[in-house]
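Welcome, and please open your viewer with both the sequence panel and the 3D view at hand. We will go from stop to stop, with something to select at each.

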2 protein chains.
Amino acid sequence: MVLKEKTLEVEEIFKGKVFDVTLEKAELENGQQAMRELIHHNGGVCVVPVDEEGNVYMVKQFRYPFKEVLLEVPAGKLEKGENHRECGVRELKEEIGATAESVEYLGCIYPTVAYDTEIIHMYLARGLSFGEQRLDEGEFVDVVKMPFSQAFDMVMNNEIPDSKTQTAILKTYFLLNK
Amino acid sequence: MVLKEKTLEVEEIFKGKVFDVTLEKAELENGQQAMRELIHHNGGVCVVPVDEEGNVYMVKQFRYPFKEVLLEVPAGKLEKGENHRECGVRELKEEIGATAESVEYLGCIYPTVAYDTEIIHMYLARGLSFGEQRLDEGEFVDVVKMPFSQAFDMVMNNEIPDSKTQTAILKTYFLLNK
């Protein structure tokens with residue numbers, strides 16, 4: 001079976017600061033046509049910061065879509081064409097005030113494969129030194145430090161709903177314990 | 001620090017079949033106002049089907065946002081108010097033609113916390129019996145069977161980018177090996 005779809009028409013619906021929306025006409029595998037609703041997003045990066053004592057640093061942040069305060073690893077949105085490793089290093093500095101001796105790639109996730117182009121790259125940061133937190137204007141986060149094993153248990157017990165944090169913490173577990 | 005934001009105004013931008021878009025004015029923690037771009041989605045469910053011999057069943061599917069064929073665990077979109085366990089059981093039947101003796105909750109993920117209300121619930125299905133695949137019209141998927149350990153290695157080697165599949169496979173690993 002050949003699995004592919006061809007774009008026939010693109011209608012611009014919305015151009016935002018966070019994402020754009022298009023409505024696209026596509027030709028399916030069987031020659032029929034279908035409309036595809038699409039979010040365009042530049043992607044992001046997240047970093048799991050683990051110190052010498054085995055603590056991980058996360059941030060508590062109000063997330064508007066859920067009207068909930070969520071616990072997440074430090075993360076940020078990429079500018080178009082921006083290097084994701086450099087963006088991760090910058091977010092680590094901004095959100096928890098840390099610099100790292102080693103920054104190791106954990107792979108990426110496609111969070112919403114059906115309708116959103118976003119890709120989030122994940123890193124593990126070790127050898128941490130701490131300075132001052134430097135948040136963007138209008139950004140409010142609380143830093144939370146806990147043993148990595150506690151964060152791992154929270155993921156397994158479904159107490160950390162954020163997708164990137166779950167995957168990055170679980171992958172880090174295997175790297176730290178291999 | 002109090003972490004919260006209050007919605008002041010909601011503008012409807014787009015009403016689609018997959019998602020809706022609104023532009024909302026919110027009052028931030030410090031009293032300032034900001035615009036929030038928001039995707040509204042009913043959420044979804046995914047299922048990791050593992051048989052008695054330790055094989056997992058996944059599907060290969062063309063994903064329009066990436067113009068790539070991706071390997072994913074069986075999954076589907078929830079109708080508004082639909083029970084996610086029942087939806088998971090149905091998708092298992094539709095996509096790989098299987099019924100399961102046991103369906104165990106693995107928790108949920110919020111794939112895109114910054115701007116999308118989508119929540120994906122995850123299940124582990126065991127005790128599988130196979131019948132016929134029954135796809136929706138316009139749905140084209142190839143079923144792939146492999147040892148669970150191979151799927152786990154593919155996640156760790158960054159060969160399966162889909163977010164829900166990564167988290168669900170990693171959580172399943174711990175359930176199978178505890």
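**Stop one: a sheet in chain B**

Select β1, β2 and β3 of chain B: they form an open sheet of 3 strands in the order β1-β2-β3, with antiparallel pairing. Because β1 and β3 of chain B are the edge strands, each with a single partner strand, one side of each has no neighbour in the sheet. On average, neighbouring strands here are turned by 20 degrees against each other, direction ignored. Keep in mind as you look that this is a predicted model.

Now zoom in on β1(B) and β2(B), an antiparallel pair joined by 8 bridges. To see one pairing, pick B:K6, whose bridge partner in β2(B) is B:E27.

**Stop two: where the chains meet**

Next, show chain A alongside chain B. You will find 70 residues of chain B in contact with 70 residues of chain A. Together the two chains bury about 6,100 Å², with 67% of that on carbon and sulfur atoms. Highlight B:E37, B:Y64 and B:Y110, which supply 13% of the area that chain B buries against chain A, more than any other three residues.

What is the count of salt bridges between chain B and chain A? It is 0.

**Stop three: the side of chain B that touches chain A**

Colour this side by element, and α3(B) gives the largest share, 8 residues.

Conventions: Residues are numbered from 1 along each chain as its sequence is written. Chains are lettered from A and ligands numbered from 1 in the order in which they are written. This is a predicted model: local features need pLDDT of at least 70, side-chain atom pairs count only at pLDDT 80 or more; totals for chains, interfaces and linings use all residues. Side-chain values use heavy atoms; hydrogens and water are left out. Contact means heavy atoms within 4.5 Å. Buried area is the accessible area (1.4 Å probe) that two parts lose on being put together, summed over both. A salt bridge is a side-chain nitrogen of Lys or Arg within 4 Å of a carboxyl oxygen of Asp or Glu. Helices (H or I, at least four residues) and strands (E, at least two) are DSSP runs, numbered from the N terminus. Two strands pair if DSSP finds at least two bridges between them. Axes are lines fitted to C-alpha atoms, for helices over the stretch in contact, and angles run from 0 to 180 degrees between N-to-C directions.
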